[in-house]
Amino acid sequence: MTNLASRTVRIGDPLQHSIWYKTAPAAPETGSLNSAVSADVCIIGAGFTGLSAGIHLAERGRRVVVVEAEEAGFGASGRNSGHCTPTFHSFELEQFRRMIGEPFGSRMVRAQCDSTNFLFELIRKYGIECDAIQSGYVEAAHSRAAFQAQQKKVADYNALGKQTRLLTAHQVEELTGSPRYFGGWFHPEGGNINPLAYCRGLARTLIELGGDIYTATPALKIAPAGSAWRVDTPNGQIVADKVIYAGGAYLAPSCWQGMEKTYALLPIIGLASQPLPIEVQNQILPRRNTVLETRHDPASYRLDRDGRLITSIMLEGRRGGDEDYTKELLTTRFRWLLPQLLELRWENYWHGRLDMQPRLFPRLFGLAPGVAAMNGYSGRGVATGTVVGKVLADWATGTPPEALTLPLESRGNAPQLMKAAMRIMLPYLRFADQRAARRDGLRPPPY
Ligand SMILES: Cc1cc2nc3c(=O)[nH]c(=O)nc-3n(C[C@H](O)[C@H](O)[C@H](O)COP(=O)(O)OP(=O)(O)OC[C@H]3O[C@@H](n4cnc5c(N)ncnc54)[C@H](O)[C@@H]3O)c2cc1C
């Protein structure tokens, strides 16, 4: 049983506010650490990254201990929108390869482009109950320029063996219920899941594979212990050959000095509507696709298993700070986007955080020989976190740095001004998106 009384670190909005807390199967039984234990690998953080790493290590016969400050899925993994997208939203593939440098760029392009197949295969392999549907991803273009960029995406992704295709405005409307787009891009390997159910399923799988998970157990310090490492927690410690720090945007900061500076925190709100009538569900998302638009301040949406509309939105001014105002704003926006929504009530409203990297893709940090960390998903961590969990397992089982999928980098700080820059840029980018849509004969959304 999770021992609530022993919690010493409070790091955010209660998970109970999220819709997934209502609809996910119960978490596996776990307790806090009250003794000294040893492991081959100690993993800090029970989100997608840490648990996927743990499973891939346990599959290779390694003894794994996970410590989690709160409960499995407490961080972003239990409160996201559950879109599974095997794409790079902000980069063309060639741009990404150049940015990361070869051979890592091409390896990561392959891994990310196969990431949803990897995730759904893991779900099938271990029978994880998480309402998983691999029904396809629609990227809805808000302007002609965005649609033209999608033509290049079709060529690039299909060159890797994918079967993506362009959609006319009419086809986008058929799949997404929205008459507001210029056209779109369809990727059949996208999908969606109940993220907390998935995360708890990963935790259960790891335990079944022989791993130990201690919840309500914050790691307070990582210190050398001879040729190994010691992880101190309030009432116990773990000695392990390797340590993986997978604390995402929910770091308990004292564990490794400076980790909190490696990314900028971006607050974000998640919302779930009331279950929609079945005829409305079938009008807006007849194939239960997952939808993200190309605007910089995008609408994204999907249905959950009970037909609730799920979305998320970045905070800005009153938006996100004032719950009633935010709900009203999103009602206006979604009723404009989806005219079929005659009645829309937001029944769940929860807070989350994103770990933003300037390059909008996670980094693998070598903190010391035997200690690695991964963060910076920048809002795309469901499929990516699952895949890079395996990269961490490769690192921990001795794959040399030059053979890893991502480069092992020294810890570096995200630019101080990044957060302010994001705040300043958003209104400007929104204005540019509105102007582009108007120029192409489309009405921009009411914000
Ligand atoms: C509202 C919202 C919507 C999103 N939507 C999507 C989406 O649709 N698709 C997508 O791909 N991505 C989405 N994301 C991003 C995605 O959820 C994250 O990138 C991903 O979950 C990160 O997983 P993680 O395991 O790295 O971190 P987390 O899930 O945050 O896990 C880190 C864990 O580490 C624990 N921890 C931290 N420090 C310590 C310590 N010292 N000791 C012990 N435990 C510690 C925390 O308690 C936490 O449970 C969204 C995120 C949010 C917030």
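Let's start with V67. Leaving out residues up to four places away in sequence, V67 touches L33, C42, I44, Y214, T217, A219, V231, T233 and I238. Contact here means that two C-beta atoms, placed from the backbone, lie within 7 Å.

Before going on, a word on the source. This is a predicted model, where local features need pLDDT of at least 70 and side-chain atom pairs count only at pLDDT 80 or more, while totals for chains, interfaces and linings use all residues. Numbering starts from 1 along each chain as its sequence is written.

Back to V67. V67 is among the residues with the most contacts inside the largest nonpolar core, along with C42, I44, V231, V243, I244 and L392. That core has 119 residues. A nonpolar core is a set of buried Ala, Val, Leu, Ile, Met, Phe, Trp, Tyr and Cys residues, joined through C-beta atoms within 7 Å. Buried means 20 or more other C-beta atoms within 10 Å of a residue's own, again placed from the backbone. Helix α11 gives the core its largest share, nine residues. Domain 1 and domain 2 both give residues to this core, so it lies between them.

Which domains are these? Domain 1 is 4–80 + 195–263 + 358–409, and domain 2 is 149–188 + 266–354. The bounds come from an automatic or database domain assignment. Their C-alpha centres lie 30 Å apart. At the meeting point, 13 residues of domain 1 are in contact with twelve of domain 2. The domain 1 side has four nonpolar, seven polar and two charged residues.

Now the ligand. How many residues surround the ligand? The shell has 43, and the closest are G47, G75, G248, G352 and G381. To count, a residue's C-beta atom, placed from the backbone, must lie within 6 Å. By class, the shell has 20 nonpolar, 18 polar and five charged residues. Asp, Glu, Lys and Arg count as charged; Ala, Val, Leu, Ile, Met, Phe, Trp, Tyr, Cys and Pro as nonpolar; the others, Gly among them, as polar. Elements α2 (48–59), β12 (264–275), β16 (346–356) and α11 (382–396) each supply at least two shell residues.

Last, the whole protein. There are twelve helices and 19 strands. These are DSSP runs, numbered from the N terminus: helices are H or I, at least four residues, and strands are E, at least two. Of the 447 residues, 49% count as buried. The C-alpha atoms fill a box of roughly 70 × 45 × 45 Å along the principal axes.

Key: A residue is buried if 20 or more other C-beta atoms lie within 10 Å of its own, exposed if 12 or fewer, and partly exposed in between; C-beta atoms are placed from the backbone.
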